[in-house]
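Hi,

Here is the structure I promised to pass on. Have a look at it first, and my notes on the aromatic rings follow below.

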Amino acid sequence: MTPMAGHHIGEFGVIGGWPGAGRNREARRRARRAVPAEAELRIRTRDGVGLAGTFRRGTGTDCVVIAGATGVKRQFYGPFARFLVGQGFSVLAFDYRGIGGSRPDQLKGYQARMEDWGTHDLDAALAWAVDVAKPRRLLVVGHSVGGQLLGLADHADLVDAAVFVGSQSGYWGHWPLATRLGIGALWFGLIPGLSPLLGKFPSSKLGLGEDLPRGVAEQWARWGRDPDYLLRKDAKRREQYAQLRLPLRMISIDGDFYAPHAAVDALAGFYAHAKVERLHLSKGKTTGHFTVFRPGDPKVWASLASWLAAPTAS
């Protein structure tokens, strides 16, 4: 697997280790030797933003990039990442700009959009994995927005297979009537009302994860009010998603307010030519938007690892 001709491979550094790479072939060889079994990284995006990342090296030849949910730090996925490493996978988790270790000292006035998380941040993580981990297969586990954004990344066509957990089209009309008012309040009221006032969206005060940069939150809300969500009648973007033909397992979960069944089905339609397998987890220990990635039922993690090792699709 090699990077696409003409595509930018971001500079990066291992925190506390070799200071930088990406400028030439010898530097990249030195970089690969520099990355230890577990390393804290800075990954440089195409537009010059430094992202915090954590890389864990497994004994096998495949690498999983974890694309997290909105406002969720990469450390949340640590137990799951360590489990995958125990199954032989190398794993890269990272923070989107404005979140966790990629957050500036002051969010107010920080310029970022949600689409930057896909076109720049996720793309840089995929490029890093290809260039440094040198996997036999590049795999993605996308949680919530992480699955939405894959189609925006130029390096997405290097991905061999992906699992999306609770990833959905966020258009409010996909929510059941009983819960539509709640998501509608977010898109039509809370985000457009509070973000300009505070210069950021105070997600943490509402139990919605890390605070978001204003531009990220406002674009997210605009998407949520549009039936086409992030495609927004953009023919070029729709084609970009449709070009991905990878095996794709899409998982919805009982009791998940943030990703109801119909919204997950709607996102599957964005990846029109992917080999989609839909799976719904019902009842039992695994319910809600975040439970899959918390230590709990070992059968769920084992199932995800098994599918990543040998993807199938209907």
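To start, which residue lies over the face of phenylalanine 188? That is arginine 225, at 5.9 Å from the ring centre. Please keep in mind that this is a predicted model.

Now to the ring pairs. The count comes to 17 aromatic pairs, with ring centres within 6.5 Å taken as the rule. In one of them, the ring centres of phenylalanine 76 and tyrosine 77 are 5.0 Å apart and the planes stand at 85 degrees, so this pair is edge-to-face. Phenylalanine 76 is partly exposed, with a relative accessible area of 22%, whereas tyrosine 77 is buried at 2%.

Tyrosine 77 also pairs with phenylalanine 293, again edge-to-face, at 5.2 Å centre to centre and with 80 degrees between the planes. Tyrosine 77 sits in the loop between strand E4 (62-67) and helix H2 (78-86), while phenylalanine 293 belongs to the loop between strand E11 (275-281) and helix H9 (298-309), so the pair ties together parts that are 216 residues apart in sequence. Phenylalanine 293 is buried too, with a relative accessible area of 1%.

Key
Residues are numbered from 1 along each chain as its sequence is written. This is a predicted model: local features need pLDDT of at least 70, side-chain atom pairs count only at pLDDT 80 or more; totals for chains, interfaces and linings use all residues. Side-chain values use heavy atoms; hydrogens and water are left out. Rings of Phe, Tyr and Trp (its six-membered ring) pair if their centres lie within 6.5 Å; planes under 30 degrees apart count as stacked, over 60 as edge-to-face and the rest as tilted. Buried means under 20% relative accessible area, exposed over 50%, partly exposed in between (1.4 Å probe, protein chains only). Helices (H or I, at least four residues) and strands (E, at least two) are DSSP runs, numbered from the N terminus. A charge sits over a ring if NZ of Lys or CZ of Arg is within 6 Å of the ring centre and within 35 degrees of the ring normal.
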